[in-house]
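Student: Could you take me on a close look at the ligand site of this model? I would like one connected account of it.

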Amino acid sequence: MVSTSTQIGNFYFDNCLMNAAGVRCMTIEDLEAIRHSKAGAFVTKTATLEERAGNPSPRMASTPLGTINSMGLPNQGFPYYLDYLLSLQKNDPNQSNILSVVGMSQMETHVILQTIQNSDYQGLVELNLSCPNVPGKPQIAYDFDTTESLLKEIFTYYKKPLGVKLPPYFDIVHFDQMATILNKFPLTFINSVNSIGNGLVINDETVVIKPKNGFGGIGGDYIKPTALANVHAFYQRLKPSIQIIGTGGVKSGRDAFEHILCGASMVQIGSAFGYEDVAIFKRIQEELQAIMKDKVYENLNDFRGKLHYLD
Ligand code: RRO
């Protein structure tokens, strides 16, 4: 029997496929749709301390090869998502989903994480260190010193399972430097990658989204090779206790297979989930199972991280 079940830390999932934060996950209605689908879990839209309207529209556009967005962190405020997750946890203590958060300042990030630490929430939390779209706020994880000092401070009080969402890196030295920092902390997982920040898509002579004069995060087919490289680079460098969620360019079972081959324990679907809605989880699960069956792999452990190199 071919299984796509997986584990992150002490949490078990029937299926390794789930949504990527930001896509169809801003309201309880969105999250319930994922929860009742074949997805193994959901992750919430990244939540800030207070509700945010985000950037002006149009703020997302599609091309035949993917998406560009500059949403600007629209969300309902983190208590909305925490309360919902707590209500799910009450009904089923074994439920495991991911709460994505980040503050608009380091102080706000600490307030959010301290509140979660002091709550009854027992599930996974992902700290988004890579939002590319808030004007005037650089992506935290491109500043290595800030990332290290922030994580150092967080782990003085945060004792629950925590992961970080990373932007793509493009240089071997940066993979080395970031992995060295991450390995200093008791992280449960990393999620690699967020959108490739600050791309530009043009239609005729005009940009296609309004915020930041058209600059926005790129997702979809454009980013799969970058995502696979990041997943594999971190798989090679991180201590085994830090697991990897692979995100970027997944629209088929083959794409999910490649992320797992590169070292991912779970695979998130962003742009393609936006196009196809919750039916995508069943389709990609079946495609992945067909590939595994063909290769006589029974579970993810049979091929996770086992990418072949040329001699
Ligand atoms: O809301 C956004 O503009 C956004 C976020 Br927080 C993120 O992490 N990645 C992205 O592509 N867009």
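Tutor: Gladly! An unreviewed UniProt entry carries the annotation "binding site" at Lys 45, Asn 69, Ser 70, Met 71, Gly 72, Leu 73, Asn 128, Asn 194 and Ser 195; positions follow the numbering used here, feature names are shortened, and such annotations may be inferred rather than shown by experiment. Of these residues, Lys 45, Asn 69, Met 71, Gly 72, Leu 73, Asn 128, Asn 194 and Ser 195 belong to the lining of the largest pocket. On a 1 Å grid over the protein atoms alone, a pocket is an open set of points where a 1.4 Å probe fits, with protein on both sides within 12 Å along at least five of seven lines, and lining residues have an atom within 4 Å of a point.

Please keep in mind that this is a predicted model, where local features need pLDDT of at least 70, side-chain atom pairs count only at pLDDT 80 or more, and totals for chains, interfaces and linings use all residues. Residues are numbered from 1 along each chain as its sequence is written, and side-chain values use heavy atoms, with hydrogens and water left out.

The ligand sits in that largest pocket, meaning that more than half of its atoms lie within 2 Å of the pocket's grid points. Around the ligand (a heavy atom within 4 Å) are Lys 45, Asn 69, Met 71, Gly 72, Leu 73, Pro 74, Asn 128, Cys 131, Pro 132, Asn 133, Asn 194 and Ser 195. This shell divides into five nonpolar, six polar and one charged residue, with Gly counted as polar, Cys, Pro, Met and Leu as nonpolar, and Lys as charged.

Now for the polar contacts, pairs of N or O atoms within 3.5 Å. Lys 45 places a polar side-chain atom 2.7 Å from a ligand oxygen. Gly 72 has a backbone N or O atom 2.8 Å from an oxygen atom of the ligand, and a backbone N or O atom of Leu 73 also lies 2.8 Å from a ligand oxygen. Taken alone the ligand exposes 310 Å², of which the protein buries 93% (Shrake-Rupley areas with a 1.4 Å probe).

Methods:
Polar contact = N/O pair within 3.5 Å; in protein donor to acceptor, adjacent residues only side chain to side chain.
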